[in-house]
Amino acid sequence: MNIVNVQNSSRPITIKDVARMAGVSHSTVSRVLNGVDLVTPATRARVREAIDSSGWTPDETAAALGRRKTPRPGPMS
């Protein structure tokens, strides 16, 4: 697998970076994350490997924007 190094960048790693690392579209990464069965086991493994090696974690604010819902604010301090 040809993994592109995005870890040394000063910006946060995005789902598109993970897709580039795995050699798939960002839609395929989304399908893997959401458990859609249309992704082959080999592709699913490549995406999981890219996620693990990059240290990417979902950004809840970005996910909420994708769903067109804003996240609930945390407890007031």
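Which helix of the protein chain has the lowest mean pLDDT, and which the highest? Helix α4 (residues 60-67) has the lowest, at 80. Helix α3 (residues 41-54) has the highest, at 97. The model is a predicted one. Across the protein chain the mean pLDDT is 85, and 82% of the residues reach 70 or more. Where pLDDT is low, the predicted coordinates should not be read in detail.

## The chain as a whole

The protein chain has 4 helices and 0 strands. Along the sequence the pattern reads α-α-α-α. Of the 77 residues, 23% are buried. The accessible surface is about 5700 Å². Carbon and sulfur atoms account for 53% of that surface. Consider next the contacts between residues at least 6 apart in sequence: 34% of them join residues at least 24 apart.

## Two helix pairs

Two packed helices are described by the angle between their axes and the distance between the axes. Both values are given below for two pairs.

| Helix pair | Angle between axes | Distance between axes |
|---|---|---|
| α1 and α2 | roughly 100° | within 8 Å |
| α2 and α3 | about 90° | 10 Å |

Start with α1 and α2. Helix α1 covers residues 15-22, and helix α2 covers residues 26-33. Their axes cross at roughly 100°, which makes α1 roughly perpendicular to α2. On the α1 side, the contact is made by I15, K16, V18 and A19. On the α2 side, H26, V29, S30 and L33 take part. By class, these residues are 5 nonpolar, 2 polar and 1 charged.

Now take α2 and α3. These helices pack at an angle of about 90°, so they too are roughly perpendicular to each other. Helix α2 brings T28, V29, R31, V32 and L33 to the contact. Helix α3 brings T43, R44, V47, R48 and I51. This contact divides into 5 nonpolar, 2 polar and 3 charged residues.

V29 and L33 of α2 are listed in the contact with α1. V29 and L33 are also listed in the contact with α3.

## Around T43

T43 lies in helix α3. Is T43 buried or exposed? Its relative accessibility is 17%, so T43 counts as buried. The cut-off for buried is under 20%. Which residues does T43 contact, leaving aside neighbours within four places in sequence? They are V24 and T28.

V24 sits in the loop between α1 and α2. V24 is buried, with a relative accessible area of 17%. In sequence, V24 and T43 are 19 residues apart. In space, their C-alpha atoms are 8.1 Å apart. Not counting residues up to four places away in sequence, V24 touches A19, V29, T43, R46 and V47. Among these, A19 belongs to the α1 side of the contact between α1 and α2. V47, for its part, belongs to the α3 side of the contact between α2 and α3.

T28 is placed in helix α2. At 14% relative accessibility, T28 is buried. Beyond residues up to four places away in sequence, T28 touches V39 and T43. T28 and T43 are both part of the contact between α2 and α3.

## In brief

T43 of helix α3 is in contact with V24 and T28. V24 comes from the loop between α1 and α2, and T28 from helix α2. T43 is buried, V24 is buried, and T28 is buried.

Methods. Residues numbered from 1 in each chain as written. Predicted model: local features only at pLDDT ≥ 70, side-chain atom pairs only at ≥ 80, totals over all residues. Heavy atoms only, no water. Axes fitted to C-alpha atoms, helices over the stretch in contact; angles between N-to-C directions. Helix = DSSP H or I, 4+ residues; strand = E, 2+ residues; numbered from the N terminus. Parallel < 35°, antiparallel > 145°, perpendicular 65-115°, else oblique. Contact = heavy atoms within 4.5 Å. Nonpolar A, V, L, I, M, F, W, Y, C, P; charged D, E, K, R; others polar. Buried < 20%, exposed > 50% of the residue type's maximum accessible area, 1.4 Å probe, protein only. Areas by Shrake-Rupley, 256 points an atom, 1.4 Å probe, with all protein chains shown as cover. pLDDT = per-residue confidence, 0-100.
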